[in-house]
Structures are given as structure tokens and as C-alpha cells.
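Hello,

Here is the structure I promised to pass on. My notes on what turned up follow below it.

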Amino acid sequence: MHEPKLPPNLLFGTATAAYQVEGAADEGGRGPSIWDTYCRTPGRVARGESGDVACDHYHRYREDVALLADLGVDLYRFSVSWPRVQPDGKGRPNAEGLAFYDRLVDAVLEAGIEPALTLYHWDLPQTLEDEGGWRVRDTARRFGEYTRIVAERLGDRVNRWITLNEPFCSAFVGHAVGRHAPGTREGTPALAAAHHLLLAHGTAVGELRAAGAGEVGITLNPDHLLPATGSEADRAAVERARTLHNRTWFDPLFTGAYPDNEKETWGELADGSYRREGDLEVIGRPLDFLGVNFYRPIMLRDAPHTQPDPALRTAADIGTEQVAFDGVRHTTMGWPVVPESFEELLVDLDRRYPGLPPILITENGSAEADEPDGDGRVHDGDRVAYLRAHLAALGRAIEAGVDVRGYFVWSLLDNFEWAYGYERRFGLVRVDYDSLERHPKDSYHWYRDYLASHRARRNQGE
Ligand code: FCB
């Protein structure tokens, strides 16, 4: 099989996130996060599952780092749990929590792997949520304090920092769609949450720079949005969705302005009451890289608003409706597999935002049915095909001039897939949730071979 050849200096890794893998929810002085609360609320997460135990990575991280070493990755992306470091989201740090990340970072470095640390992958301390959470400005200030604590402790060994993971999901899936914690369906407060997340990001960038951090960036999940037809109405629907999904983040981060079509998108909900003078300067602080997570494209058509009264709408109710992709394979997430859209998205972003910093693909991967066969092995050929096709698409984007420096597979391990619980498996390594044993899948072996030949080309200076 012909494998895509990517530039030899491209870095490779895998990614995980604290709440999805760590478990040990009540250990080491960790406080509750909004995801603990959400999981305990009946009807929210499939089968009532939670991250209480997850992959027990908190205790088994050495085994997981050994898997990474054997895989031969350059980088390992993980996240720090804010409520492990500050159980209430404020005040003196919890020594046990910091000590865990200390050990993890040391183990990763000892394995010859570079850590890429995400400060926020959705687990807001519940105490802060009780005080308004991302809807209130003070949470951005608190995030700056938390960032300073982590940077002071780990900054001597961690060079690469990601402030937020997918603030689109935190703001809108969390506060407008209601399918992520905190699980509410709001209008203006969801837009305020988006703004405060951006402000938190900029505040954290300031703290990281002051601490002398090497490479600083943010991870976004820009969507490749396609109109169902060429009609005026469907195109306008896509432009509204582009603002909801992409421009809300990209415009202030990379052009120093808020999107100019907020009123068309949200009407009076976008009243800007949550913005202050000077915020754009903080938000737009220069970055060393942009993290992009990509899984699948979205096709949309114009549709009536769910709520007829504009004042009562959620921020996700923008008069659009998703349309299914015909004739392509879908993963067990129900996501269409359209690798070309990965290339198209990257080229499109590059053209729209000429000032973008270099890109790291901080997540890409697929959830598959993954049944172990008689020999206990998982022959996940569909995942291998997905990764291969997306790497080829990435290669074409790079050839077209997009500056991409790294690529991370989501995920090293099967893990807690948010509202879907443990049924949706994204790992290169299967986790048996009864025994917590790890079993590398075929995709793990494929990635290992792929990385070995990539490194060989790098060493030959090809
Ligand atoms: C992304 C999340 C990550 C994981 C993948 C499948 O949106 O950042 O935690 O759940 O989707």
C-alpha cells in the first residue's frame, strides 16, 4: 500500500485530555468540574457513564508513556485538569495535583518525547460555574491565575502550550446546544461565554509570555461548511454558520476585529454587552502556532428557526439545518468520511486569514466499531484507511502552501467520549474497561511503522 509521504520535518504525535483518560476523580485532592456534575445529571451521558475511572491514566500513566515511546511519536498532547491544580478554581494550588503533572511531564521527557500541554480541555471547576462560569468576565481572570501556577511549575520542562481546546464546544455546545457541560440552552450568555473564553486565552498568553514559555497557541475546530444547494438562502445559511463556528474565533484572534455579520447571525442576542475596550488587544496577542482539530465536514441548508421569538432563541438557533452526506462512509460517530474536505478547509483558512501562524493539526482520527476478534486483536482497517487518507489530504494542503508543522492522532487510547460515554472508541490502543488493560490495535502498529519510515527519511535528510 502506498503511504503518504509528508515533509520529513513534520512532527507527529497523539493526543488525550484529562477528563477523558485520567479517572481518579476523587483522588489527589481534585475538586469537581462541570463534567462531574453533568455526568451525574440523569439523562445527560449515555448509560449514565462518567470519567470517574476512565482509563485510570492517573495511576497507569507510566504504561501509557511506554506505549507512546514504543509508537515512536515526537510529541504527546495531554491536558491539565484545572480542578486538580485548583480544586475550587482559585487560590493556593493543590500540591498533589501539580505533583501528578510533574511526574507525567518527566516520564514523557525521559521517553524522549516532547510534551504539548493543553491548559483547558473543558473541565471547568464547578465552584467557578456556580459563580457564573464562562458567562462572567471574572473567569477569564481566574484562568490567568491558574495558567501562571501551571507555567511556574512546569515551564522549565514544557515548551509547547495550548491555552484552550475548541472554545466553540465550550461556549456553544455547552451553553447553547446543551450537549456538553454545563448543558444549558442560552442566548446572549452563550455569546458572553465565547467572548470570555477568548479573553481567557489572551490573558493566558500574557502569563505564558511572562513565564518565558517557548511556543504558545490555541486549538480551534474550524468547520468546513458546505451549502446543500447553490441557492442564495443556503449560501446565507452557511455564512451565518461560518460566524458561529469559525469567525467568532478566527476574526478577533487573527484580524483584530469581531465578525461583521453578528447581527445577521444572532440578531439582538449579539448585543456586545460583555465586551470592553481593550479586549481585542488582549485576545489578539501574537501566537506561535494555531492548533486545528479536524474530523468531518458539515453540509447545511437554510431552515426556520426552532424558536420563533428572536429574544428567546439560543445562540445555536441561527436558522440552519444539517444535511446528510450521501454515498460516503460514516464512522460510528455518524460523521461522514470526506478527506478532501480536510485539504479544502486548510487551504480556505490559509486564503481567508493571511496572517495565520503555522498550524499544528492537534486532533484527527475516527471512532470505529472495533470488536476484538478471536485472537483478541482489533483489526481496525477502517481507522487505518481514515488516517492514511487524511494524511494524504494534509500532504496536498502542504503542497498548496499551507504551513503545517505537526499532526496528532486523536487518540492514543479509547476513552470517555463525552456525552457518548465509552461506546465510541477513538484509540490506537484498545482499553478493556473491565480490566483496564491496554491492547494496541492494528492502527497502532500501522502508525508505528509509518512513523519509523518518516523518521528514516528525516534522518537521511531527504
Ligand atoms: C474533539 C474533542 C476531543 C474528542 C474528539 C473526538 O471535539 O476535542 O476531546 O472528544 O472531539
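This is a predicted model: local features need pLDDT of at least 70, side-chain atom pairs count only at pLDDT 80 or more; totals for chains, interfaces and linings use all residues.

Glu-166 is buried, because its relative accessible area of 8% falls under the 20% cut-off. Glu-166 lies in the loop between strand S4 (160-165) and H8. Its phi is positive, about 45°, although Glu-166 is not a glycine.

Ala-54 is another case. Phi of Ala-54 is near 45°, again positive in a residue other than glycine. The loop between helix H2 (34-40) and helix H3 (57-71) holds Ala-54. With 4% relative accessibility, Ala-54 counts as buried.

Why flag these? Most residues other than glycine have a negative phi, and most peptide bonds are trans.

On the second point, two bonds deserve a look:

- Ala-181 to Pro-182 is a cis peptide bond, with omega near 5°. Pro-182 sits in the loop between helix H8 (167-177) and helix H9 (188-210).
- Trp-410 to Ser-411 is also cis, with omega near 15°. Ser-411 belongs to the loop between strand S11 (404-410) and strand S12 (429-431).

Trp-410 comes up again around Ser-366. Leaving out residues up to four places away in sequence, Ser-366 touches Thr-331, Arg-383, Tyr-386, Trp-410, Arg-425 and Phe-426. Ser-366 is in the loop between strand S10 (359-363) and helix H14 (381-399). At 1% relative accessibility, Ser-366 counts as buried. Its side chain makes a polar contact of 2.8 Å with the side chain of Glu-368.

Next, a sheet. Three strands form an open sheet in the order S6-S8-S9, with mixed pairing. Strand S6 (225-227) and strand S9 (320-323) are at the edges; each has a single partner strand, so one side of each lacks a neighbour in the sheet. From one strand to the next, the twist averages 45°. S6 pairs with strand S8 (residues 298-302) in the parallel sense, over 3 bridges. In that pairing, Pro-227 stands opposite Leu-300 in S8. Helix H10 (residues 232-254) lies across S6, S8 and S9 and runs at about 125° to S8.

Last, a helix pair. Helix H5 (residues 95-110) packs with helix H7 (residues 138-154) at an angle of about 45°, their axes 10 Å apart. That makes H5 oblique to H7. The crossing of H5 past H7 is right-handed. Which residues meet there? From H5 they are Leu-98, Ala-99, Tyr-101, Asp-102 and Val-105; from H7, Ile-149, Arg-153 and Leu-154.

Best wishes

Methods:
Residues are numbered from 1 along each chain as its sequence is written. Side-chain values use heavy atoms; hydrogens and water are left out. Helices (H or I, at least four residues) and strands (E, at least two) are DSSP runs, numbered from the N terminus. Buried means under 20% relative accessible area, exposed over 50%, partly exposed in between (1.4 Å probe, protein chains only). A polar contact is a pair of N or O atoms within 3.5 Å; within protein, one must be able to donate a hydrogen and the other to accept it, and residues adjacent in sequence count only if both atoms are side-chain atoms. Contact means heavy atoms within 4.5 Å. Two strands pair if DSSP finds at least two bridges between them. Axes are lines fitted to C-alpha atoms, for helices over the stretch in contact, and angles run from 0 to 180 degrees between N-to-C directions. Angles under 35 degrees count as roughly parallel, over 145 as roughly antiparallel, 65 to 115 as roughly perpendicular and the rest as oblique. A crossing is left-handed if the near helix is turned anticlockwise from the far one by less than a right angle, and right-handed if clockwise.
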